[in-house]
Each structure stands twice: as structure tokens, then as C-alpha cells.
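Good morning, and thank you for coming.

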Amino acid sequence: MNPVRMQFVREKVLEITREEHGEEAVKGGNPLQGLDILDVGCGGGLLSESLARLGAHTVGIDASESNIAIASSHASADPRLSADSSRPSSKGSLVYRHISAEEILKEQKRFDVVCSMEVLEHVDNPAGFISSCAELLKPGGHLFLSTIARTPLSYVLTILVAEHILRKVTPGTHTHSKYINPSELISFFSKYRSPSDEEGMSWITRTYEHGLPMRTEAEVRGMVYIPWKGQWMLTPRGASGWGTTHCNYLFWVRKP
Amino acid sequence: MSLSSTSSRVFRFASKKGISSPLLQVGRNISTTTSATHHEELDVVIVGGGPAGLALASALGASQAVRESLRITLVEASDLSKVRDWDPHASAFSNRVSSLTNNSRHFLKDVGAWDHVEVSRTSPVEEMQVWDGISDARITFSASELDPEPTMNPGETRQMARLTENLNLQRALLRHIATLSEVRLLDNVKVHLIQQEEREGGGGWPLVHLSDGRVLRTRLLVGADGFNSPVRSYAGISSYGWAYDTQAVVATLSHAPRSAFQAPNTVKYQRFLPTGPIAFLPLSPTVSSLVWSTKPALAAALVKSDPMILTSMINAAFRLPEVSMRHLHRFILETGASLTPIQIQEEITWRERSHDIDRHSAYASATSDVVAAGIPSHDSDMLPPLVASIQPGTVASFPLRFNHADAYIGEGEGSRTVLVGDAAHTIHPLAGQGLNMGLGDVESLARCIQEAVLQGGDIGSHTALSPYAQERYFENHKIMSAVDKLHKLYSSTLEPVVWARSVGLEVLNEFDFVKAAIMMNAGAYSVRGNPAADATGWAMAAKGVEGLATGAATAKIVGQGIVGMVGIGVQNLLRTMGTPNQQK
């Protein structure tokens, strides 16, 4: 699933950067170079490592101490991720910290990009969690979330099949009622205003028919597993047909 | 303890298994002594500087994103300056020749390596004639049956493949790599030992110990190291295969140019004798290359014999009926070293007379009365030109085998390894697909690595490499089993088999659309990177073979087994119809 998530993050940041600063703004097609990125709930560090390899100054945080230990150990094998890399073009860096999003918010540091992949469906207070992630962004920053929609399809695939039939996931990992639909995220950010800027614009100012937001403000893309390829695929932009965003999906929104 | 005892062996450092052997002891000692020494940190180490290894270095270096973010090193045991400085006379040709399909050539062009190939030393294949050694049933492929579109340049002739000396290609790749400062070549350096770095919790990277004492720690280790691949043994990947009871004899042949009344020397000829196929590959108007697969004893006798004897035998092998070829083989083996060129010439003369072969026919070799300048005989386009002599020092032979690795990507203790080219698969050269398969691997792997780099992936990880294995494993397997079946089908002299395969071949020759489909599959058409077109080619071929099976059934062929066999054989003959390929 990681290549698809990286593809989405890279392409979306590239698209917005080019839109605002022109085609020439991004050197070598790598828009993440030099950005400050926070990976909330980094787990084993798959996404954090990829972000750092693309030149981002990455901070991976996780509430589980053992996850941070595993991620740190894994990254230490890779000379490209260690701080003293002699390679001039690899300007990226990677730091792991055992800290929660709410705690790191108390520090002054803010980020160009905040990612939280496959975390939201496990959180007890999603609104509070998303607000924390949102507040960790610099103005104009990008928030990337990925999670699972609350549909009959997602029940069958992620709970019935994955947990009970194939047993690929420990039963009880997922709770269907905690799943959040794309439309709920869109309506959340349509009303959302930063606590520091109560008078400011909402993050999503308007939506088209079918409830789709403007592509410069927010975007929803489905992730679909293709069994015969053994790969995840990103569904096309704007696709809302059955099965596209009804299970795993990615969500992007931009801080005004 | 001396390192030389392990110089040619590479093994996995199996500390976990607690096996204690002298070899493993050496490994342990090294690991403790080198753990203190300096490791060079690299991203890609390619072992092997053959065409596949060089092409991979070339392709990776050609991608800006890849060369800016990965440190790439190729290690080769031999002296590459011999290839770099290879500069033969324009009329002298190397005996190792490959038929590069249009797909392979497009790939090399995209990478930027084809521009360094000395094109004047290559020859297009515009037509192919393939026939049965027993029944003479024949199939003809012509590049003019192809769409006008697939040529690379407007001025270029339409072609099915391009015959290129392997050295010409390797030199071009080296020249291309020389323009890429980021790609490092280490030649004259052997790989002493490969071991997995010890890390708590596993997941150590490969450590490559070189004969000059350097140790390379690499994210990804690529085995382009040929059939006896040390990287494959390190990765713990077993392979499946066997040696054919066959040797390939290669030589560079000189002959008179084709006359003004004949097609130019751009036709590939291949005759399937029960002992193996003999193929004639055009290189220039007066020079062509030979690949003659035959029984080991006969191959040895041919290689040792006087070049004039070999010349007579080659001419006869394309022309004389199979029964006479069998007698000639026995004659050579029984007479042994005392055989003189005159004796064999007399023997062939006698056989041509007894078969009543007209002196003016192209089928006459010893008794031939065909004058080069005159009007050629009516059947002269059916056969290659008469060989006049063999370029000195070009006769050689090598064993043929079938071998396919069980996997292309190493896992577990052998992780961060990937195989390409002959390290992954070895194939009978009858369809000339060996090098093309290797280049197909390289193209796919380079694309896979580039995509992983763009997504910030770890190019040594199984996730990053699995699309490569998915794309290539089954594709190569199809070609390999097809060529293998074809070899077996044509080794038979059983009358029903010969009849069935001949009917198959002749029927098929009438189906232009099948031939077109097969050529498309053989890479003659430009369908690269277009799976849809590729699938169409397959669907068409399948349809054609269905037709063939029906035709064969109406011809009352008894025994579905034979029909099926012919179906498979012919289908695959068609799709792998390239040219024998003399790559190692």
C-alpha cells in the first residue's frame, strides 16, 4: 500500500506547488525535497523512510514505544537515512520520537506536510485527533489522511475477510463503527476553522454536485487492491463509482 | 587460513543454522575481521559485465532520477578493456552474434546505448526461411508482411530483427556507460565471497567481498553473473533444468555476394535436422554467421576437422537429404582425424549424384556448376549462398542447456538480491531469444527501480522488486518451454510426428494473419510498453493455432497428442522466430 500512498502525496504536493509557483518551481520532479514533514502514527516507519529518501526532513511519531524501537532499528540499516550521510544530494533526514500528536502540538514546531496513514480508524476521538493534526500545519500546509470508509463493503473486506476468514489481521483490530466516510471528512473541514483563527476561512469553501470538493482545497482518492497484480492501485480522480472510495481511501486537505 | 580456497565459491553465511564446516569458518573469520574495517556503502551492485549486466548499468545510469539518488557499481572479473578496445577489420566478424528483436533495439535506443553501436557491422533480417530437415516442409516470414510503421527511422529498411555481434553491443554499452560518470565499473576484480551482514533481528544487507580486499555493502545485489551465478547461490535460489545432449558449433562464414537477380544477403535460413537445427545468419553481403546445434561427438569432430571439411559439411547440411546427412555424420565419426577435405568432397559428390541433384540447382554443393555472375537457378532463394571459406579462429562450440531459476528475487537470508539474464534463465539458442530475454529483464528491472526511487521506496525491498518478477517470470517461462518443446519436436524422426509437424508448418505458412501475430510476439512489431497490443498478438496466435488444429483433424491425423504437440511447437516456432543467438 505504501507506494500508492507515496504516489498520492508526491503527486498532490507537486500539483499544488506547480500551480502556485509555476512549472519550473520543482527541480527534478521531486516536490518533497527540503519540506518539514510529520508522520503521525508512523508504525514501522515505512512511510517515514520513503519521505526521508525523497529529501524531506521527516519526523515520525508513534504512541507505541515498541513501534519507535522497531522503526529506528530498521532505519539504522540504511545509510541514506542516518544523519551523517555524506551524499550531498540526500538532504533528507529522519527522526523518530515516542510522543503523541497532542503533545507535539505543545511544541512550537509546525510542518509543511502532516501525514497520518491508517490511524484514524483506531482513534477514539477522531475530531480531536484531526484537529491536532490540522493545527500542526504551517499555513498553506498539506494534511494527508488515509483510512477506511464505513460501508457494507468495508465490513466484508476489512473485518469479515481480513480478520475472520483469512486471519491476516488479528480479530478485533478494527471496529466498524469507528470507520469514517469521505463525506464526513469533507463536511468536517467545510465547517472547520483553526482555533487560532476563528474568523478565518473554512478549509473547504464549497463543494460541487456529489459533494466533491474543489481540487485545490481537498481531494478523495480510493485505494483498491488488485489481487492478480498483488498491488494496490489509486483510483482515478473524481471516480466515485461503487467500490472506489467505499473501502480504503486517501484524503487530502490544505490549510488556507 | 587462505582465502583462495573459497575464491570461486560463494556461500551464505549460515551462522543461525550452527553448521560448522571449514568454509563457514572462513566466513566467520572474515566477518569478525572485516566488521572493524571500512564498508563501502552502495545502493546497487551488479555482478557480471556481460550484455545483461552492462545493459542494466546503462539503463539505470540513463535515468536522471536513478543516477542522482543511487550509487551504482558493476563488478566484472575479466578485463573489460579488451571489449572497450575491440576494433576488428571491417570484414572480420566475431563468432558470437545475437539477433536483436526490434523491441530490444528500441529499448537500447531509448536508453541511449544503440547510438554507440557500430551499425555498419550489423545486418537486418528481412526474411526468414525455416524448413523441416526430413520432409522439407517450409515456412517463410518476410518483413514486408509487417506494418510499414515499425521501422525505427524513416530511411531504415523494414526488418524483423537485427544481427549484431555481442562484442559490438557490449562495446556500445561500455561507451555509453563511460558518458555516465555516476556509474562505476570495477573490472579485473573477482567476487570472493558474499555474506549477509549480521544484524540483530535479521534483515542484514549483502556484503560483497572483492579480490582486492574491498567490501561493498549494498542495498540491492544484482546477479547478472551467468549460468553458474554466485549471486543465485548466495540468494539461496535453486534452479530447474538439464543439459541438452547437444553442442552448438559456431563459426564466421565467407561467401560470394548474392547476384543482382537475387534477394540481398538479409535472409536468415534455418533447417531443422533431427540432430538439431543449423542456422545461417547474415552479417554482411559476403559474411554470415553459423550456429549448428548437433550431437556432442559430431560437434567435437567438426570443430577439430580441417576448415575445408567443415565448409563442405555446412554446405551439405543445408542441402542434402536427411538420410545422406546421417551417413556423412557416421562417415566423419568413423574416419576420424585421417579424413581429408578431398575424401569428404568425393563422398558428397557421390551422394549428390545418387540423389540425382542437378548440377545447376542450388541444392548442389560439391558438384555445383552455378556461376556467380550468371542467372541464378530457380531455387537459389531457398538456400543460403555456398560457403567458400571459414574465417580463421572463429570455429568454436559450447554446450546447450535449459535452466530456469525458481525465483528472480531472493528472500529471507538471501534478501536484497535479484537475478537477470542467464543467471535467471538459460535457453536453447534455436529461436535466438536468450539475449533478448535478458534485455527484456533489464528493461523491466530498470523501470521497476526507477519507479521505486520516484516513490521514495527502498529499491532492495521485496515490495519494490516484485513487479519485476511478476512481469518477467511467466513471460520468460512461456518462451523457454516453447523453445524446449520445439527442440524436442524437431528431434524426432518418427514418421507420424514428421508428417504431423510438416502438415502443421505448411498449413501455417498459408495463414498470413497467424504469421503476422507471431512476428508481433517475436518483437518484430513495435508493441513495447503496450500490453494491449501484445495481448492481441497472443489472441491472434491462439486463434491461428486453433485453425491449425482443426485443419490437422480434417487431414485425419490420428492421435490428438501429436496434433497438440504440433500446435504448441508451431505456435512457438512462430512466436520465437528470431534467430539463433550465440550469447553464452
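This is a predicted model: local features need pLDDT of at least 70, side-chain atom pairs count only at pLDDT 80 or more; totals for chains, interfaces and linings use all residues.

Let me begin in chain B, with helix H12, which spans residues 434–454. One partner of H12(B) is helix H2 of chain B, residues 51–62; the two axes are 9 Å apart, at an angle of about 30 degrees. An angle under 35 degrees counts as roughly parallel, and H2(B) and H12(B) are therefore described as roughly parallel to each other. The crossing of these two helices is right-handed. On the H2(B) side, the contact is made by B:Pro51, B:Ala52, B:Ala55, B:Leu56, B:Ala59 and B:Leu60. H12(B) contributes B:Leu435, B:Leu439, B:Val442, B:Leu445, B:Ala446 and B:Ile449. By class, that contact has 12 nonpolar residues, with no polar and no charged ones.

H12(B) also packs with helix H13 of chain B, residues 462–490. Here the axes come within 8 Å and cross at roughly 165 degrees, so H12(B) and H13(B) are roughly antiparallel to each other. This crossing, too, is right-handed. Among the residues in contact are B:Asp441, B:Ser444 and B:Arg447 of H12(B), together with B:Tyr468, B:Glu471 and B:Arg472 of H13(B). The class count for this contact is 10 nonpolar, three polar and four charged residues. B:Leu445 of H12(B) takes part in the contact with H2(B) and in the contact with H13(B).

I turn now to the interface between the chains. How many residues of each chain are in contact? The count is 20 residues of chain A with 20 residues of chain B. The size of an interface is often given as the accessible area lost when the parts come together. Between chain A and chain B, the buried area is about 1600 Å², and carbon and sulfur atoms give 40% of that area.

Side chains of opposite charge can pair when their charged atoms come close. Three salt bridges are found across the interface of chain A and chain B. B:Asp43 forms a salt bridge with A:Arg80, with the closest N and O atoms 3.9 Å apart.

Over all chains, the search finds 35 salt bridges. One of the salt bridges within chain A joins A:Arg53 to A:Asp78, their closest N and O atoms being 3.1 Å apart. A:Arg53 lies in helix H2 of chain A, residues 46–53, and A:Asp78 in the loop between helix H3 and strand E3 of chain A, so the pair ties together parts that are 25 residues apart in sequence.

Conventions
Residues are numbered from 1 along each chain as its sequence is written. Chains are lettered from A and ligands numbered from 1 in the order in which they are written. Side-chain values use heavy atoms; hydrogens and water are left out. Axes are lines fitted to C-alpha atoms, for helices over the stretch in contact, and angles run from 0 to 180 degrees between N-to-C directions. Helices (H or I, at least four residues) and strands (E, at least two) are DSSP runs, numbered from the N terminus. Angles under 35 degrees count as roughly parallel, over 145 as roughly antiparallel, 65 to 115 as roughly perpendicular and the rest as oblique. A crossing is left-handed if the near helix is turned anticlockwise from the far one by less than a right angle, and right-handed if clockwise. Contact means heavy atoms within 4.5 Å. Ala, Val, Leu, Ile, Met, Phe, Trp, Tyr, Cys and Pro count as nonpolar, Asp, Glu, Lys and Arg as charged, and the others, Gly among them, as polar. Buried area is the accessible area (1.4 Å probe) that two parts lose on being put together, summed over both. A salt bridge is a side-chain nitrogen of Lys or Arg within 4 Å of a carboxyl oxygen of Asp or Glu.
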